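Thanks for making time this morning. I would like to walk you through one model, beginning with a pair of helices and then moving on to the strands.

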Amino acid sequence: MKPTSTHPETDTGTAGIDAALHRALERMLTDRYTCRQFRPDPVPREVVGELLRLAQRTPSWCNTQPWHVHLTEGAATDRLRTRLMAHVRSSPASPDFPFPAQYTGAYRERRRECGRRLYDSLGIGKEDREARLRQLLRNFELFDAPHVAVVTTEADLGVYGAVDCGLYIGTFLLAAQSLGLAAAPQAALASYSDVLRDHFGVPPGRRVVAGIAFGYADHDHPVNSFRTSREDPRNATTWHSD
């Protein structure tokens, strides 16, 4: 029997696919990008509330919902920016979770391609180390975003708590896109987990996973003009059948 759509007014296609929902999801996934320059305009509280409500629908292992978000606005964002910049310039990295040991093969090439497109959009040459460093430090200025969300997990839940937080971040990014917001998931912030834990008073039993700068994109800035590519799904899939 052909599945019945829960939205009878919506066109359905093969195997009961809701075409409108499919197109909406495809558009969000295609249009979403990592914003690296924001406008200063704050996001209204009610919009942030809706963003958080949608993100909370993220599935998790045994419905543990291990994420907790420390959210900033206004002067609190500026204080965090100032503290991060001072800390980064004078202290070594101290992530709660190990960063990649190395990038090899296709992973290295994809990483290099992302870097090339970023620096090309800004007209930064390969040998201009000073300009590259300045752009790296923009992570800790939160790309001038008016808000940042720092996502933590319960340490006792181990890798699966972190995986669930990764799902939460993905949902957060799509929810932001659906609300006309831009966002930048930032592993760079987690490289200084010690200062984030101290700044926000994160309990000892929790670990910093990542940060998300968000707000409204500055569409006129050249850094927001470049996009990363995606691998052909056939090269990321191994089928097993009879």
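Predicted model: local features only at pLDDT ≥ 70, side-chain atom pairs only at ≥ 80, totals over all residues.

Let me start where two helices meet: L25, M28, L29 and D31 in α1 are in contact with L174, Q177 and S178 in α6, contact meaning heavy atoms within 4.5 Å. By class, the residues of this contact of α1 with α6 are four nonpolar, two polar and one charged, where Ala, Val, Leu, Ile, Met, Phe, Trp, Tyr, Cys and Pro count as nonpolar, Asp, Glu, Lys and Arg as charged, and the others, Gly among them, as polar.

Residues are numbered from 1 along each chain as its sequence is written, and side-chain values use heavy atoms, with hydrogens and water left out. Helices (H or I, at least four residues) and strands (E, at least two) are DSSP runs, numbered from the N terminus.

Returning to the helix pair, the axes of α1 (residues 19–31) and α6 (residues 158–178) come within 10 Å and cross at roughly 100°, the axes being lines fitted to C-alpha atoms, for helices over the stretch in contact, with angles from 0 to 180 degrees between N-to-C directions. That makes α1 roughly perpendicular to α6, a label covering 65 to 115 degrees, whereas under 35 counts as roughly parallel, over 145 as roughly antiparallel and the rest as oblique.

Now to the strands, where pairing requires that DSSP finds at least two bridges between them. Strand β2 (residues 147–154) pairs with β4 in the antiparallel sense over eight bridges; H147 stands opposite F214 in β4, and V151 stands opposite A210 in β4. On β3 (residues 182–186), which pairs with β4 in the antiparallel sense over five bridges, A183 has F214 in β4 as its bridge partner. Strand β1 (residues 68–71) runs antiparallel to β2 and is joined to it by four bridges, with A149 in β2 as the bridge partner of L71.

How many of the residues of β4 are buried? Nine of the ten residues of β4 (residues 206–215) are buried, that is, under 20% relative accessible area, with exposed meaning over 50% and partly exposed in between (1.4 Å probe, protein chains only). Seven of the eight residues of β2 are buried, so β2 is largely enclosed by the rest of the structure.
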